[in-house]
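Hello,

Here is the structure we talked about handing over. Please open it alongside this note; what I found follows below.

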Amino acid sequence: MAVLVIGPEDRVRAVNPALEAILGTELVGKHYISALRQPAVVAAITTLRGGGAPSNIRFSSRDGARDTVYRVAVSPAGQDIVLSFEDQTAAEDAGKMRRDFVANVSHELRTPLTALMGFIETLGGAARDDAKARDRFLQIMAHEASRMTRLVDDLLSLSRVEEDERVRPREHIDVTALLSSVIKGLEPQAAAAHVSVTLTTLGAGDMVLGDAGQLVQVFTNLVENAIKYGSAGKKVDVTIHAPAMDLRLRGTAIQISVADFGEGIPNHHIARLTERFYRVDSHRSRAVGGTGLGLAIVKHIVNRHRGRLLIESEVGKGTTFSVFLPVS
């Protein structure tokens, strides 16, 4: 914990190295106002000097490229005043993430719920005896209900994945067999989109330690996205590369690449693709049934498998998602 001591003459008497990392060096001997420079903290010290009660004050700082927040306990110690700085940045970031998550979920659910309520009201009134309108409204209601179901399913899946993320899977998985099964299961979607999906294996019989259900989820998501968003290219190439040394994973890994040849993704979007509810094109994503959670789930599953995810894209030429998994 960072600590600063103010002597009876209102000058800094002592600091520890943790405090110097926040406020800088050569503070000893300075008046506390020039050392701290934040009105709320200065006011708390002044109040305590005048016989007031100890207090906890919020103190904002900057650590390199990020903002940091501390809770500063201002308390007496004889004739001295001691300031203890406790880092609250992680707690505040977590709180903001929770608030943003609730806001996003509320927003995602509000639109289909509003549509359902509107159609229910219409069917109970003006369209009660209009068979043609009733059939059309019921079809739209079914679509909106399916959208909410997918969202809830993805939220539950994300929760389960996050819960298990620190538990490393131990099942031996045949990567080629798993990918073949995934592609087989997506054949109807590929046919409907007039997209051909090709599996190329450059290794043979390669195994990874994993959770079969979660890895199926990862590659189903990636291949399905390639079919949906890269359909303009009319083909998707899935490649299992031969095991090779991966410096970032510090060991031998298998690279599985899912490449489409569609519109591609502008570079400024790529770093944010795995954020919850982040969409490159919100309208298009919702139109094809996307919830905005798929790649967040992929990221967490890959992390659980001690692997890594690489996204490469060029506008007009297509996008490649590569998953690197340690060889068992």
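**Sheet and helices**

In this predicted model, helix α4 (residues 89–123) lies across β3, β4 and β5 (80–87). Helix α4 runs at about 125 degrees to β4.

The sheet comes next. It is open and has five strands. Their order is β2-β1-β5-β4-β3, and the pairing is antiparallel. β2 (12–15) and β3 (55–63) stand at the edges. Each has a single partner strand, so one side of each is left without a neighbour in the sheet. On average, neighbouring strands of this sheet are turned by 25 degrees against each other, direction ignored.

Now look at β3 and strand β4 (residues 66–77). Nine bridges join them, and the two run antiparallel.

Helix α6 (residues 175–185) packs with helix α8 (residues 212–229) at an angle of about 55 degrees. Their axes are 10 Å apart. α6 and α8 are therefore oblique to each other. Their crossing is right-handed.

Which residues of α6 and α8 meet? From α6 come Leu178, Leu179 and Val182. From α8 come Ala212, Leu215, Val216, Phe219 and Thr220. By class, this contact of α6 with α8 has seven nonpolar residues, one polar residue and no charged ones.

Best wishes

Technical notes:
Residues are numbered from 1 along each chain as its sequence is written. This is a predicted model: local features need pLDDT of at least 70, side-chain atom pairs count only at pLDDT 80 or more; totals for chains, interfaces and linings use all residues. Side-chain values use heavy atoms; hydrogens and water are left out. Axes are lines fitted to C-alpha atoms, for helices over the stretch in contact, and angles run from 0 to 180 degrees between N-to-C directions. Helices (H or I, at least four residues) and strands (E, at least two) are DSSP runs, numbered from the N terminus. Angles under 35 degrees count as roughly parallel, over 145 as roughly antiparallel, 65 to 115 as roughly perpendicular and the rest as oblique. A crossing is left-handed if the near helix is turned anticlockwise from the far one by less than a right angle, and right-handed if clockwise. Contact means heavy atoms within 4.5 Å. Ala, Val, Leu, Ile, Met, Phe, Trp, Tyr, Cys and Pro count as nonpolar, Asp, Glu, Lys and Arg as charged, and the others, Gly among them, as polar. Two strands pair if DSSP finds at least two bridges between them.
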